[in-house]
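Student: I would like to learn how a protein model is read, step by step. May we go through one together?

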Amino acid sequence: MGHDAQTEPSRPIGGQDGLSRDTTEVVSAVMTASRLFVALSARAVAGVDAPLSLPQLRALVVLQNQGPIKLAVLAGALAVNPSTAMRTVDKLEGLRLVDRQTNPVNRREVVLRLTPQGDRLVDQVLTHRHREIAKIVARLSPDQRSTLVQALHTLVTAADEPALEPFLDMPNGIAGT
């Protein structure tokens, strides 16, 4: 990087997007980190005995964190339309990872929840991913870790993502996606 945004003014770098050089560097760094996180997630999913896609894992994690929930709530959390969420649930139900039950409050509604097998699978994938991330983070100095935490909190806040509790405070040592 080598660019000090505090002492050097931002310069447009051409093109019609009007992004400054420092913004472009940040976008590039976030895209690279995103590739890393997707790769870590894909490896964690590949390590389980279920034919699971990353979008299906996202649905399972939402159900573990928020369930039991209605289909519309799941679709909203995944930012997909309800028919897409329903197809995902159909596949996960076929794998016996999710089940549907009548809502006890309104018997016309159905709520979705993880099965015990689905819950174990999510724990297994997230534990694997946590171990892989911990190995990478262990290579950083304490100052680099502190800077990384601040930067990631800032990014998550800017994206309006809900914050997750620190890993150590989570039951079974598992934190969200």
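**Reading the model**

Tutor: Among contacts in the chain (heavy atoms within 4.5 Å) between residues at least 6 apart in sequence, 44% join residues at least 24 apart. This is a predicted model, in which local features need pLDDT of at least 70, side-chain atom pairs count only at pLDDT 80 or more, and totals for chains, interfaces and linings use all residues. Residues are numbered from 1 along each chain as its sequence is written, and side-chain values use heavy atoms, with hydrogens and water left out.

Student: What pattern does the chain follow along the sequence?

Tutor: Helices (H or I, at least four residues) and strands (E, at least two) are DSSP runs, numbered from the N terminus. The chain has six helices and three strands. Read along the sequence, the pattern is α-α-β-α-α-β-β-α-α.

Student: What is the mean pLDDT of the chain?

Tutor: The term pLDDT is the predictor's confidence in each residue, from 0 to 100. Residues 1-16 stay under 50, and the model has 18 contacts beyond four places in sequence for them. The pLDDT is also below 50 over residues 167-177, a stretch with 22 contacts beyond near neighbours in sequence. In the chain, 80% of the residues reach 70 or more, and the mean pLDDT is 83.

Student: Which element has the highest mean pLDDT?

Tutor: Among the elements of the chain, the lowest mean pLDDT, 90, belongs to helix 1. The highest, 95, belongs to helix 4 (residues 82-94).

Student: Is S41 buried or exposed?

Tutor: S41 lies in helix 1 (residues 21-46). Leaving aside neighbours within four places in sequence, S41 is in contact with L54 and R129. Buried means under 20% relative accessible area, exposed over 50%, and partly exposed in between (1.4 Å probe, protein chains only). At 8% relative accessibility, S41 therefore counts as buried.

Student: With which residues is T88 in contact, leaving aside its neighbours within four places in sequence?

Tutor: T88 is found in helix 4. With a relative accessible area of 15%, T88 is buried. Beyond its neighbours within four places in sequence, the contacts of T88 are Q56 and A59.

Student: Is helix 2 roughly perpendicular or roughly parallel to helix 5?

Tutor: Axes are lines fitted to C-alpha atoms, for helices over the stretch in contact, and angles run from 0 to 180 degrees between N-to-C directions. The axes of helix 2 (residues 54-66) and helix 5 (residues 116-137) come within 10 Å and cross at roughly 110°. Angles under 35 degrees count as roughly parallel, over 145 as roughly antiparallel, 65 to 115 as roughly perpendicular and the rest as oblique. Helix 2 is therefore, in relation to helix 5, roughly perpendicular.

Student: At what angle do helix 2 and helix 3 pack?

Tutor: Helix 2 passes helix 3 (residues 71-78) in a right-handed crossing. The two helices are oblique to each other. Their axes are 10 Å apart, and the packing angle is about 120°.

Definitions and conventions
A crossing is left-handed if the near helix is turned anticlockwise from the far one by less than a right angle, and right-handed if clockwise.
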